[in-house]
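Please study the sequence and the structure first, and then work through each task in order.

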Amino acid sequence: ALYDRFLLRSHVSYISDQGLRGFLAQELTNPSSIQAGQDAKDGQKSPFTVTTSFDCEDCQEACRAAQQVPVPSRLLRMVGALRRHLEEAQPNQLISDRRLAKAMRLLQVAAFTMGAQEVSEIDLL
C-alpha cells in the first residue's frame, strides 16, 4: 500500500553482472560516496550534491501559481479516455480519483515551470 502512495516513481535497474565488480570496487574504496554532497577522494563532488536552492516558500509559491495554469477541456477528455482504457485493459489498472487529481495538478506544475500558458498534449507524455 505504501508504494501506491507515491505519485512519481522511477524504476532503477540493478547493475549488470559485468559492471558489478567495478561498482563495488569503487564504492569500497570511496567511503564518502555514501554521504550526499561530500567530496570524493579524487576531489570531485558526489553526484548527490545540491547545486540550487529551492526552499519550501518557493515550492508553495510555484504551486499557487501553477493552479492558475488552465487545463483545456480537450485534455480532460483525453485523460478521461485514458483512464477508461486502463480500466478496461487486461490486466486492468485502476486509477483513483484522488490520484488522478494529483496527476492533473502535477501537469499544471510542469506546464508552469516550463513557462507554458496552459497544459498541453506534450505534458501528457
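**Exercise 1. Determine how Glu-87 and Arg-83 are paired, and where the two residues lie.**

Step 1. Glu-87 makes a salt bridge with Arg-83, and their closest N and O atoms are 3.3 Å apart. A salt bridge requires a side-chain nitrogen of Lys or Arg within 4 Å of a carboxyl oxygen of Asp or Glu.

Step 2. Because Glu-87 and Arg-83 are four residues apart in helix 3, about one helical turn separates them. Helices here are DSSP runs (H or I, at least four residues), numbered from the N terminus.

Step 3. Glu-87 is partly exposed, with a relative accessible area of 30%, and Arg-83 is also partly exposed, at 22%. The classes are buried (under 20% relative accessible area), exposed (over 50%) and partly exposed in between, with a 1.4 Å probe and protein chains only.

A note on the source: this is a predicted model, in which local features need pLDDT of at least 70 and side-chain atom pairs count only at pLDDT 80 or more, while totals for chains, interfaces and linings use all residues. Residues are numbered from 1 along each chain as its sequence is written, and side-chain values use heavy atoms, with hydrogens and water left out.

**Exercise 2. Find which parts of the chain are tied together by the salt bridge between Arg-83 and Asp-97.**

Step 1. Arg-83 forms a salt bridge with Asp-97, with the closest N and O atoms 2.7 Å apart.

Step 2. Arg-83 belongs to helix 3 and Asp-97 to helix 4, so this pair ties together parts that are 14 residues apart in sequence.

Step 3. Asp-97 is exposed, its relative accessible area being 54%.

**Exercise 3. State how many salt bridges the model contains, and describe the one between Glu-121 and Arg-74.**

Step 1. The count comes to four salt bridges.

Step 2. In the pair of Glu-121 and Arg-74, the closest N and O atoms are 2.7 Å apart. Glu-121 lies in the segment after helix 4 and Arg-74 in helix 3 (residues 73–88), so the pair ties together parts that are 47 residues apart in sequence.

Step 3. Glu-121 is partly exposed at 33% relative accessibility, and Arg-74 is partly exposed with a relative accessible area of 33%.

Step 4. Arg-74, Glu-118 and Glu-121 are linked in a network of salt bridges.

**Exercise 4. Identify which residues gather in a patch of negative charge on the surface.**

Step 1. Patches consist of residues with over 30% relative accessible area and no salt bridge; like charges are joined within 9 Å, and nonpolar side chains (Val, Leu, Ile, Met, Phe, Trp, Tyr) within 5 Å.

Step 2. The residues in the negative patch are Asp-55, Glu-57, Asp-58 and Glu-61.

Step 3. Glu-61 is found in helix 2 (residues 56–66) and is partly exposed, with a relative accessible area of 48%.

Definitions and conventions. Areas by Shrake-Rupley, 256 points an atom, 1.4 Å probe, with all protein chains shown as cover. Lys, Arg positive; Asp, Glu negative; His and termini not counted. Charge placed at Lys NZ, Arg CZ, Asp CG, Glu CD.
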